[in-house]
Amino acid sequence: MPPAKRIAILTSGGDCAGLNAVIRAVVARAEALNWEVIGIRDGAHGLLQNPAEYVRLDPANIDTVVMRQGGTILGTTNKGDPFAYPMPDGTLKDRSGEIISAFKKLGCEALIGIGGDGSLAILSRLARQGGFPLIGVPKTIDNDLGSTEMSVGFDTAVAVATEALDRLQPTAASHDRIMILEVMGRDAGHIALTAGIAGGADVILLPEIPYDIKNIAAHIKGIREKGRNFALVVVSEAVRTAEGSSVINDLYGGQKRLGGIGHVIGEQIAAACDAETRVTVLGHVQRGGQPSAQDRLLASAFGVHAVNLIQQGKVDRMVAWSNRKVIDVPIAEAIAHYQVVEKDGTLVRTARGLGICLGDSVPTRG
Ligand code: F6P
C-alpha cells in the first residue's frame with residue numbers, strides 16, 4: 001500500500017544521548033499510520049545541498065538497535081544560522097528561501113525538528129515563512145528550554161557527571177585532594193546542581209549564584225576539622241570569576257566556547273586552602289554514549305506524541321514533559337522562557353539542606 005502521508009524529521013544543534021530514540025519512536029508511530037518518514041541530514045543544512053541530502057527512514061532498519069545508540073544517525077550542526085549564513089567570502093547571506101523551497105520539493109506534509117532553544121527558534125521562523133507545519137521535540141543536555149520539565153539528553157548527561165564524581169571520590173580520598181569537576185550546561189546550572197547532589201559534592205558552583213572564595217575555603221576548612229581529608233567540587237562551565245567574567249575560549253574558525261573556569265577555581269581553592277587540587281573538565285563525554293532509561297522513555301513519549309500532533313492537524317507545537325505526562329505547548333512559548341536554576345527551587349533548597357556549599361555562604365550545622 002503506498003504511504004498515506006510523508007513527513008520529515010531532522011536533528012539540529014548540539015547532539016546528545018536519546019536523539020536516535022526520538023527518531024525511532026517517530027518512525028514506529030508513523031509506520032502504524034502507514035506514513036513514510038524521511039530524515040534530513042545535518043539539520044537544515046541538508047536542505048542547502050544540491051541535491052538535498054536526506055534518507056528514507058525504513059522502519060525495518062530504524063529499530064530498537066538504533067534506539068540504544070548515542071549521537072544522531074542523521075547528523076547535526078550547531079553552526080550556520082540560515083538567516084545569516086556565513087559565506088566563503090566572509091559575508092552573511094539569508095539562505096532561508098533556499099531551505100524552504102528545498103523542503104517543499106520533498107513533498108512532506110510536516111516537519112519534526114529535534115532541537116534546543118536556538119534550533120527551534122530558527123526552525124519555527126522557517127516554518128512560518130514557508131507556511132509548513134512544524135512540531136518541535138526538545139533536546140539539550142543543558143535542560144534550559146522553557147515549558148518542559150525535562151529535555152532529551154539531560155538525564156544521561158547527569159548520569160555521566162554523577163559517575164565522574166563516583167570515580168573522583170576514591171582517588172581524592174587516596175591523595176588527600178580537592179577534586180574539581182567542571183561540567184557543561186551553558187548559562188544554566190542544572191547539570192552541576194543535579195549531578196552535584198546525586199554525586200555527593202561538597203561544593204556546587206552555578207552560574208545563577210555568584211560565589212565568594214572565602215565561603216568555599218571556610219567550608220572546606222570545616223570538612224577538614226571534622227577529619228575528612230578530601231572534598232569534591234562541581235563547577236558549571238558558565239560560572240563567572242570574581243571579576244564577573246566567564247571563561248571563554250576563542251576557537252579556530254572564530255567560534256567561542258565556554259570552558260576552563262574549573263582551572264581558575266581549582267587554583268583559587270588551592271591557594272585559599274593550602275591544598276592540592278586537580279581539575280577534570282568533563283566536556284563532550286556528557287553528550288555521548290548510550291541514552292539512560294529515562295532519556296529513552298522521554299524520547300519515545302515525545303516521538304509518538306509528535307506524530308500524533310501531526311495526525312490531529314496541530315502545528316507550531318513543541319512536545320513537553322509536565323507532571324508525569326507528555327503535553328504540547330506553543331513553540332514560541334517554550335523558547336521565550338530560558339529556564340535557569342531557580343534560586344529558591346527544590347534542588348537549591350535540597351543542596352543547602354544537605355550542607356552543600358553553593359559559594360554564596362558557609363553552610364551552618366546544628
Ligand atoms: O548546548 C549543549 C552544549 O553541550 C553546552 O553545554 C556546551 O556549552 C556547548 O553545547 C558545547 O558546544 P560544542 O559542541 O560546539 O563544543
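Colleague: Which residue takes a positive phi just after α9?

Modeller: That's Gly313, with a phi of about 80 degrees. Keep in mind that this is a predicted model, where local features need pLDDT of at least 70, side-chain atom pairs count only at pLDDT 80 or more, and totals for chains, interfaces and linings use all residues. Residues are numbered from 1 along each chain as its sequence is written, and side-chain values use heavy atoms, leaving out hydrogens and water.

Colleague: Why is α9 called a helix?

Modeller: A helix is a DSSP run of H or I with at least four residues (a strand is E, at least two), numbered from the N terminus.

Colleague: What makes Phe302 count as buried?

Modeller: Buried means under 20% relative accessible area (exposed is over 50%, partly exposed in between; 1.4 Å probe, protein chains only). Phe302 is on the buried list for α9, which also includes Leu298 and Leu309.

Colleague: How do you know that β8 and β13 pair?

Modeller: DSSP has to find at least two bridges between them. β8 (residues 177-183) and β13 share six, in the parallel sense, so they pair. Ile180 stands opposite Val279 in β13.

Colleague: What makes β9 and β13 edge strands?

Modeller: The open sheet runs β9-β10-β8-β13. β9 (203-205) and β13 (276-281) each have a single partner strand, so one side of each lacks a neighbour in the sheet.
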